[in-house]
Amino acid sequence: QCHTSGWMYYMLDGISKVYITTNDGNERIIDFMKKDTLIGMDCINPKHRSVVSISSITDMQVLPFTPEMLKKMLLQNPELGFDLAVYYGEVLRQVAYTAGNMGIADLMGRLASFLLLFLDTADYKETQKIGLTQEEIASFINVSRAQVAKMFGKLRKEGIIATGNRYVTVLDQKKLMEYSAF
């Protein structure tokens, strides 16, 4: 946080968490980003401090580019500038929605929304597993591990998920979506 690398990334696959750190050292999740997303957009002007941190939740495949490369692309193709403005407007709308919901949604809604992010990743499509522990999931959605364990128990009982050592499998996406905050 507060440091910009001067690089932005186009995500080909994976999931990242965008967050800020509050004055008391806690994290406030802003959004989760997945494939076909630009991340690091506050690095366009590396002279300014970054206001967000980005960390990968899963392995990610990205295409890195610099602000200079972006400027060159925009000069060569002005329509890209308009498309980028439209895209960024959509991202800002989604970010505002996600940040709001992460702050007010019930815990089950946060968990369900988080698990649903994984269903479109290449890794999940191949393995049918979300390779995270309860502790890791708790950390990513800012709840306790005990709360995740309790919610997992409810979701297992309803036949929505199956769990194993360091993984979760979604058995009923439709039912999980009913719990989702999105």
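The secondary structure of the chain comprises seven helices and eight strands. The model is a predicted one. Of the 182 residues in the chain, 40% are buried. Among contacts with a separation of 6 or more, 68% are between residues 24 or more positions apart. The chain exposes about 10500 Å², and carbon and sulfur atoms supply 54% of that area.

Nonpolar side chains were examined next. In soluble globular proteins, nonpolar side chains tend to be buried together. Here the largest nonpolar core holds 30 residues, of which Leu111, Phe114, Leu115 and Ile137 touch the most other members. Two or more residues are given to this core by each of strand 3 (27–34), helix 3 (107–117), helix 5, helix 6 and strand 8 (167–170). Helix 3 provides the largest share, with seven residues. Leu111, one of the residues named above, is in contact with Ile137, Ile141, Met151, Phe152 and Leu155 when its neighbours within four places in sequence are left aside. Another core lies apart from this one; it has 14 residues, including Met8, Met11, Leu38 and Tyr87.

Helix 3 is mostly covered, with ten of its eleven residues buried. These buried residues are Met108, Gly109, Arg110, Leu111, Ala112, Ser113, Phe114, Leu115, Leu116 and Leu117. The list includes Arg110 and Ser113 as well as Leu111, Phe114 and Leu115, which are members of the largest nonpolar core.

Two packed helices are described by the angle between their axes and the distance between the axes. For helix 3 and helix 6, the axes come within 11 Å and cross at roughly 75 degrees. Because angles of 65 to 115 degrees count as roughly perpendicular, helix 3 and helix 6 are roughly perpendicular to each other. On the helix 3 side the residues that meet helix 6 are Leu107, Met108, Leu111 and Leu115, and their partners in helix 6 are Gln147, Met151, Phe152, Lys154 and Leu155. By class, this contact of helix 3 with helix 6 has seven nonpolar residues, one polar and one charged.

The axes of helix 3 and helix 5 come within 10 Å and cross at roughly 105 degrees. Helix 3 and helix 5 are therefore also roughly perpendicular to each other. Arg110, Leu111, Phe114 and Leu115 of helix 3 make this contact with Ile137, Phe140 and Ile141 of helix 5. The residues of the contact of helix 3 with helix 5 divide into six nonpolar and one charged, with no polar residue. Leu111 and Leu115 take part in the contact of helix 3 with helix 5 and in that of helix 3 with helix 6.

The remaining pair is formed by helix 5 (residues 134–141) and helix 6 (residues 145–157), whose axes come within 8 Å and cross at roughly 110 degrees. Helix 5 and helix 6 are therefore roughly perpendicular to each other. Gln134, Glu135, Ile137 and Ala138 of helix 5 contact Arg145, Val148, Ala149 and Phe152 of helix 6. The contact of helix 5 with helix 6 consists of five nonpolar, one polar and two charged residues. Ile137 of helix 5 is used in the contact with helix 6 and in the contact with helix 3, while Phe152 of helix 6 is used in the contact with helix 5 and in that with helix 3.

Pro67 is found in helix 1 (residues 67–76). The relative accessibility of Pro67 is 12%, so Pro67 counts as buried. The C-alpha atom of Pro67 is separated by 7.5 Å from that of Met8, a residue 59 positions away along the chain. Met8 is one of the residues of the 14-residue core.

Most residues other than glycine have a negative phi. Gln128, which is not a glycine, has a positive phi near 60 degrees. Gln128 lies in the loop between helix 4 (122–127) and helix 5, and with a relative accessible area of 39% Gln128 is partly exposed. A positive phi, about 70 degrees, is also found at Arg166. Arg166 is placed in the loop between strand 7 (161–164) and strand 8. The relative accessible area of Arg166 is 48%, so Arg166 is partly exposed.

How values were computed
Residues are numbered from 1 along each chain as its sequence is written. This is a predicted model: local features need pLDDT of at least 70, side-chain atom pairs count only at pLDDT 80 or more; totals for chains, interfaces and linings use all residues. Side-chain values use heavy atoms; hydrogens and water are left out. Axes are lines fitted to C-alpha atoms, for helices over the stretch in contact, and angles run from 0 to 180 degrees between N-to-C directions. Helices (H or I, at least four residues) and strands (E, at least two) are DSSP runs, numbered from the N terminus. Angles under 35 degrees count as roughly parallel, over 145 as roughly antiparallel, 65 to 115 as roughly perpendicular and the rest as oblique. Contact means heavy atoms within 4.5 Å. Ala, Val, Leu, Ile, Met, Phe, Trp, Tyr, Cys and Pro count as nonpolar, Asp, Glu, Lys and Arg as charged, and the others, Gly among them, as polar. A nonpolar core is a set of buried Ala, Val, Leu, Ile, Met, Phe, Trp, Tyr and Cys residues joined through side-chain atoms within 4.5 Å. Buried means under 20% relative accessible area, exposed over 50%, partly exposed in between (1.4 Å probe, protein chains only). Accessible areas come from the Shrake-Rupley method with a 1.4 Å probe; for residues, only the protein chains shown count as cover.
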